[in-house]
Amino acid sequence: MAPSLASPITADEGCTPTIAAGCHQRRTGYISGRVIVEGRAAPTLSLANQEDLSGTNCSPRCHPPPTDEENFPDPAKTWNPDPRVYYSRRLQQQRALHARPAIPPVLPPRFPARIDPASPLVWSGQDLVEHEYLRSLSADDIAEIEHALEHFKGLSLPIAAVGRKTFPLPELGPRIISLSNKLYGQNNGRGFFILRGLDPKKYSARDNVILYAGIASYVAERRGRQDEKNNYLLHLTDLGASVAPDNVRQAPYSNVPQPFHTDTADILALYTLRPAFRGGRSLLASSSKIYNSLAPAHIATLAAPNWAFDSFGRTPSYTLRPLLYSVPSGTTRRIQLSFSRRPLTGSPVSPRTPTIPSLTPAQSAALDTVHFCGVAHALSVAQQPGDLLFWNNFALLHAREGFQDREEPEERRHLLRLWLRDDKRAREWGNVPEELMAPWRDAFEGEGEMGVENWPVEPVREFAFVTEQRRSSGHA
Ligand SMILES: [Fe+2]
């Protein structure tokens, strides 16, 4: 039984891993779609050697290098990277390093050698236990939410007007505000939490959206527009080939696995109306844990401002920026990974523009290392119907397993996504790096083609919408 929202939040550093890494579980970390996961935790690659010569300590005991590596595709062009390619290349790197003297590590300026491993934001999924991040809503909490829902409906306002004043939660609201400190590592927070206990089947589609936006307003008051259509709510569900064929339907509307990435928001929120029949879990990984696993050479590569992001037909055809940032945060600094793989590698439904620069071998190696360190240290979140999952997009990377749905349309996986921002906390914790501000302004500050907010209570089923390649983020 998860602790109630009212129970004190306790530190639980150093807890016992709930799942031991082993060969039979190793494949659960592979999210390329060939394997559907049933375990609780994605972390499956045991750490073989902290002094690993290839420059990362995310070494798997159970991934033997392939013998026919020349048959594998170029990893720099692979959206969901193949672990056989990655570990084959690392074996080659190890051999090369054995053959020449070690090069002294050089970190770029303002990047620490290591994030304090005692920080609650530095974690491996296998070390977490549910009571650190799961809070159950009581019957009184749910009654209060339903009262707020009826209150809002009585105001006859559009969904865009949902907020703390129009969706009053006098008892629960302050507790959610306090709980949200965990997103920033306070109160031993891990950068995410789940509220559990709602039954989405009790409510209409519109009422589910209202109560979701209402509860989320206590986590962060500003909501971001998620696309060029001014949609402030996105439906994550496989719309199937009747809306658009598999080879053009973008990942949010498909069942394919999505590699580790970030979105364009300070905080991400997912409300699970229905989970998938198999798979489809969200994978969360601590960016700081990944950072501590990286070699200085990889850190330097990730922090260099020369990563070419495909604009998929816009002008200019690509932009350059780093993937890794060192951000002032109070009296210290925090590190932040911000990227999607799709504009860097292309994907099956968004082929990379052939005339723009490819990733260099060093970039390809660093990008894949980030991904597989994410796999090694991820928590696989088994969402239940009604779960409200919130996480800090600056502190965690996320990915999604491929999934299998039931046949009945009304039983298919269906999640609702919000992009959130809390200006005060963002200033205190360290704001968005300047290189990322353009999409943030577009989402949160009304620059761009803003207009009336759209809050679609049902998925948009238009071919052009679900096949749009140019959307900046959220497509992994
Ligand atoms: Fe995403």
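Q: Why does isoleucine 335 count as buried?

A: This is a predicted model, and the label comes from counting neighbours in it. A residue needs 20 or more other C-beta atoms within 10 Å to be called buried. Isoleucine 335 has 24 C-beta neighbours inside 10 Å, so it counts as buried.

Q: Which residues does isoleucine 335 touch, leaving out those up to four places away in sequence?

A: They are Phe111, Ile115, Ser287, Ser288, Tyr291, Leu324, Tyr325 and Ser326. Isoleucine 335 itself sits in strand S12 (residues 332–337). Serine 288 is 47 residues apart from it along the chain, yet their C-alpha atoms are separated by 7.1 Å.

Q: What makes helix H5 mostly covered?

A: Nine of its 12 residues are buried, among them Asn208, Tyr212 and Ala216. The cover includes helices H3 (139–155) and H4 (172–179), along with strands S6 (267–274), S14 (388–392) and S17 (414–421).

Q: What makes S8 (residues 282–286) and S15 (residues 396–400) a pair?

A: Pairing takes at least two bridges. Five bridges join these antiparallel strands, and serine 282 stands opposite arginine 400 in S15.

Q: Why are S5 (258–261) and S13 (379–381) at the edges of their sheet?

A: The order is S5-S15-S8-S13, an open sheet with antiparallel pairing. S5 and S13 each have a single partner strand, so one side of each lacks a neighbour in the sheet.

Key: Residues numbered from 1 in each chain as written. Predicted model: local features only at pLDDT ≥ 70, side-chain atom pairs only at ≥ 80, totals over all residues. Helix = DSSP H or I, 4+ residues; strand = E, 2+ residues; numbered from the N terminus. Contact = placed C-beta atoms within 7 Å.
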